[in-house]
Amino acid sequence: MISVAVVTGGGHGIGRALCRRLARDGAKVVVADIEADAAAKVATEIGGVARQLDVSDESALNLLVEEVESTIGPIEMFISNAGVGFGDGRSGAVSAEGGMHAIDDRWSACWNVNVMAQVYAARAVIPRMLQRGGGYIINTASAAGLLSQIGDAAYSATKHASVGFTESLAINYGDDGIKVSVVCPQAVATRMIGMEDDSNATEGGFGGNEVDGILQADVVADIIVDQALEGRFMILTHPQVATYIQRKTGDYDRWIAGMRKFRRSLAK
Ligand SMILES: NC(=O)c1ccc[n+]([C@@H]2O[C@H](COP(=O)([O-])OP(=O)(O)OC[C@H]3O[C@@H](n4cnc5c(N)ncnc54)[C@H](O)[C@@H]3O)[C@@H](O)[C@H]2O)c1
């Protein structure tokens, strides 16, 4: 049983489902989210602790880790789950404009939340875990970090970076008892893809309500926790992703041609 767990982005979607699952298992869960109200609601429901946190602020993250360890207990599991994606702007993959989201630069937002926040968390927590002889680090990337997200270059690139960074953690600290996992889901019914449940989902495409094998957040959370506890590094909540990776690495140029064809079909 996990004693103390921190889940970033715990106020909604996959993070909220992870908080619920870990609390059911008996963990003391710290629900950390930039949205204070959402974090408070989840914490009240599960008997956990809510903390307002912008994961891209390293000093705030350090303070949270310090405070949790001194007032609640040693963090046994840290899940860097918060993530953002905005879609390419009008100028496509090189876009810097905010579009429908009031942000100056979607590239920096994706970089800071999807990548650097995971670096900050690892920097804050791993030295403490090493002293104690173990712990769990779980980073949520995406299937877009192994394959690609058509229509979102910043999301795809930063999720690839998240996978690469998490590989380094697993290679560096696996011998010291730190269990490191990276989570690479395809579509999950959350706000991120415009839905909180999958009642209107249809099979087949990508994005909106037409998605390839969409899963509910609670199903995904169970797979993540079960496989992390087994010590698995690569957590593929959608098994078809393993086949897609094999096709990609088996013949990269053929895969790119296939993705171009898929993109053309989406544009129709
Ligand atoms: N939903 C999908 O289809 C899908 C697929 C693959 C990967 N993912 C990844 O799963 C993770 C969870 O996403 P989700 O689908 O549950 O989306 P979501 O939008 O429902 O939840 C994301 C949570 O992160 C929080 N958050 C955003 N920026 C933050 C910040 N700076 N500091 C702290 N919290 C912040 C949000 O408030 C929200 O509670 C993300 O990393 C996402 O990229 C999602």
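1. Thr158 lies in helix H5, where helices are DSSP runs of H or I with at least four residues, numbered from the N terminus. With a relative accessible area of 1%, Thr158 is buried, a class that means under 20% relative accessible area, whereas exposed means over 50% and partly exposed in between (1.4 Å probe, protein chains only). The Thr158 side chain makes a polar contact of 3.2 Å with the side chain of Asn114; a polar contact is a pair of N or O atoms within 3.5 Å, and within protein one must be able to donate a hydrogen and the other to accept it, while residues adjacent in sequence count only if both atoms are side-chain atoms.

2. On provenance, this is a predicted model, in which local features need pLDDT of at least 70 and side-chain atom pairs count only at pLDDT 80 or more, although totals for chains, interfaces and linings use all residues. Residues are numbered from 1 along each chain as its sequence is written, and side-chain values use heavy atoms, with hydrogens and water left out.

3. Helix H5 (153–173) and helix H1 (13–24) each supply at least two residues of the shell around the ligand. That shell holds 29 residues, of which Ile14, Asp33, Asn81, Tyr155 and Thr190 come nearest; a residue is near a molecule if one of its heavy atoms lies within 4 Å of it.

4. The protein covers 94% of the 820 Å² of accessible area that the ligand has on its own, by the Shrake-Rupley method with a 1.4 Å probe.

5. One aromatic pair is found in a search of the whole structure. Tyr252 and Trp255 form this pair edge-to-face, at 6.1 Å centre to centre and with 90° between the planes; ring centres must lie within 6.5 Å (six-membered ring for Trp), and planes under 30 degrees apart count as stacked, over 60 as edge-to-face and the rest as tilted. Both residues lie in helix H8 (residues 252–267), three residues apart, about one turn of the helix. Tyr252 is partly exposed at 47% relative accessibility, whereas Trp255 is buried at 14%.

6. Cys19 is buried at 0% relative accessibility, and Cys184 is buried at 0%.
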